[in-house]
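Subject: Structure for you to look at

Hi,

Here is the structure I promised to pass on.

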Amino acid sequence: MAQRAFATDPVPTAASTRDVKAMGRPAFTGAEGLVVQEAPGMPKDVSDDQRRQRNYPEQPPVIPHAIAGYQLDLRANKCLTCHAREFTGDSQAPMISVTHFQDRDGQVLGAVSTRRYFCLQCHVPQTDAQPRVVNIFRDVDSVIRDSRSPAGEGK
Ligand code: HEC
Ligand code: HEC
């Protein structure tokens, strides 16, 4: 396991490009008393196709499949090739809901509204990375349940 690099460790300096080349690769190792910390591995994409429960009704559902390499720009929208109404029969993907067809005045349009075109503004894929801080969020159903049950009284 690589050691952490501390600020007090001597930092090798290179006076010229020639010196840098002379150091070769990897440049900073034991001899200089500095071992560069290994970067943690990239977290794995969650791609089990299990739709996740939403924490509240207005939450954009998270994406339960991998999206690497999906083109999403002015020219092409890979997401809509499965999630647009006309393709859901073949893809079996859930259709974008009616809110995705509404303009800012609530008028329902024939095609996906430009406000909802860039899906990743709101929908995010998941990884197996662990949260950095403890999350104590509780959904409204569990709050109501606890406030009604005798055990929850006084909370
Ligand atoms: C090849 C077809 C396909 C493509 C392309 C695709 N999806 Fe999906 N998506 C699905 C299917 C099928 C599901 C249902 C769950 C599953 O099988 O993964 C799904 C589920 C979802 C869900 C969960 C919906 C819910 O109610 O929980 C979201 C959000 C989503 N996709 C967003 C996207 C976005 C954003 C993109 C583009 C970056 C995209 N999808 C591209 C097929 C696709
Ligand atoms: C501005 C935010 C926003 C954008 C952009 C957006 N969505 Fe959504 N999406 C939502 C919200 C919020 C919901 C849940 C409530 C609703 O249906 O409006 C949702 C719901 C969904 C659902 C579930 C529908 C259902 O009935 O279960 C799918 C699938 C989906 N979006 C796909 C997409 C795709 C694909 C795109 C890109 C073409 C997209 N969304 C763009 C916010 C957004």
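Predicted model: local features only at pLDDT ≥ 70, side-chain atom pairs only at ≥ 80, totals over all residues.

**The chain as a whole**

The chain has four helices and zero strands. Reading from the N terminus, the elements go α-α-α-α. Of the 155 residues in the chain, 15% are buried.

**The two iron sites**

I'd start with the ligands. Which residues hold the iron atom of ligand 1? His65 and His83 coordinate that iron atom, each through NE2, at 2.0 Å. The site is octahedral, and the angles among its six donor atoms run from 87 to 178°. Histidine 65 sits in the loop between α1 (17-23) and α2, while histidine 83 belongs to helix α2, so this pair ties together parts that are 18 residues apart in sequence. For comparison with those angles, the ideal values for six octahedral donors are 90 or 180 degrees.

Now for ligand 2. Its iron atom is coordinated by the NE2 atoms of His100 and His123, at 2.0 Å. This site is octahedral as well, with six donor atoms and angles of 88 to 178° among them. Histidine 100 is in the loop between α3 (88-91) and α4 (140-148), and histidine 123 is also in the loop between α3 and α4, so the pair ties together parts that are 23 residues apart in sequence. Here both histidines fall on the buried side of the cut-off: histidine 100 is buried at 13% relative accessible area, and histidine 123 is buried at 18%.

**The pockets**

The largest pocket holds about 1,000 Å³ of space. How many residues line it? The lining has 37 residues, and the ones nearest the centre of the pocket are Pro61, His83, Ile96, His100 and His123. Sorted by class, the lining comes to 20 nonpolar, nine polar and eight charged residues.

The second largest pocket has a volume of about 270 Å³. Its lining is made up of Asn55, Gln126, Thr127, Asp128, Ala129, Gln130, Pro131 and Asn135. By class, that gives two nonpolar residues, five polar and one charged.

**Cysteines**

How many disulfides are there? A search of the whole structure turns up zero. If you want to look at cysteines anyway, cysteine 82 is partly exposed at 33% relative accessibility, whereas cysteine 119 is buried at 17%.

**A few residues in the loops**

Two residues have a positive phi without being glycine. One is aspartate 49, with phi near 65°. Aspartate 49 is found in the loop between α1 and α2 and is exposed, with a relative accessibility of 55%. The other is glutamine 92, with a positive phi of about 60°. Glutamine 92 is placed in the loop between α3 and α4, and at 65% relative accessible area it is exposed.

Last, take a look at lysine 78. This lysine is in the loop between α1 and α2 and counts as partly exposed, at 38% relative accessible area. How far is lysine 78 from isoleucine 67 in space? From C-alpha to C-alpha the two are 9.3 Å apart, with a separation of eleven residues in sequence.

Cheers

How values were computed. Residues numbered from 1 in each chain as written. Chains lettered and ligands numbered in written order. Heavy atoms only, no water. Disulfide = S-S within 2.5 Å. Buried < 20%, exposed > 50% of the residue type's maximum accessible area, 1.4 Å probe, protein only. 1 Å grid on protein atoms, 1.4 Å probe; cavity = no way out; pocket = protein on both sides within 12 Å on 5 of 7 lines; lining within 4 Å. Points joined across faces, edges and corners; volume = space filled by probe spheres on them. Nonpolar A, V, L, I, M, F, W, Y, C, P; charged D, E, K, R; others polar. Donors = N, O, S within 2.8 Å, 3.2 Å for Na, K, Ca; no water. Tetrahedral: all angles 85-135°; square planar, octahedral: opposite > 155°, others 65-115°.
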